[in-house]
Amino acid sequence: VQLQASGGGLVQAGGSLRLSCAASGSGFSINVMGWYRQAPGKQRDLVATLTSGGSTNFADSVMGRFTVSRDNAKNTVYLQMNSLKPEDTAVYYCNARVRYYSSYGEYQYWGQGTQVTVSS
């Protein structure tokens, strides 16, 4: 499985950005897709996840401002970020947990990261 993320950039505080992450490959189904972020000098933290059943999980800091959605036909997850704040500045990483048809267990994959910078 390969994850290709896009959509980062520079935006002023209060603005919006949408991140996309497409999973490619074959022979698998996606259990969970989502986004994590890592600011300089900090650990990588959860932003939002979306399960195949439609359940979502958000970090408290983004609740009410960010939404996560998925296009199952395209194996793509989106993160819509509104009312951005300077503290949202980080590298955002796409994450997928998948199950292969031919094996047991769950496998985790990461995208390459996309920079989001919010200026004050």
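**Strand β9 and its partners**

I found that β9 and strand β11 (residues 114-119) pair in the antiparallel sense over three bridges; strands here are DSSP runs of E, at least two residues, numbered from the N terminus, and a pair needs at least two DSSP bridges. Within it, Val 91 stands opposite Gln 115 in β11.

A note on the source: this is a predicted model, where local features need pLDDT of at least 70, side-chain atom pairs count only at pLDDT 80 or more, and totals for chains, interfaces and linings use all residues. Residues are numbered from 1 along each chain as its sequence is written, and side-chain values use heavy atoms, with hydrogens and water left out.

Next I checked β10 (residues 107-110), which pairs with β9 in the antiparallel sense over four bridges. Asn 95 stands opposite Trp 110 there. In the hairpin of these two strands, six residues lie between them, and Gly 105 takes a positive phi near 95°.

Then I turned to β4, which runs antiparallel to β9 with 10 bridges joining them. Tyr 36 has Tyr 93 of β9 as its bridge partner.

I also looked up burial (under 20% relative accessible area, 1.4 Å probe, protein chains only). Eight of the 11 residues of β9 (residues 90-100) are buried, so the strand is largely enclosed by the rest of the structure.

**The largest pocket**

My last entry: the largest pocket is lined by 13 residues, with Arg 37, Ala 39, Lys 42, Asp 45 and Glu 87 nearest its centre. A pocket is an open set of points on a 1 Å grid over the protein atoms alone, where a 1.4 Å probe fits, with protein on both sides within 12 Å along at least five of seven lines; lining residues have an atom within 4 Å of a point. I noted that β4 (28-38) and β5 (45-51) each supply at least two lining residues.

How values were computed. Buried means under 20% relative accessible area, exposed over 50%, partly exposed in between (1.4 Å probe, protein chains only).
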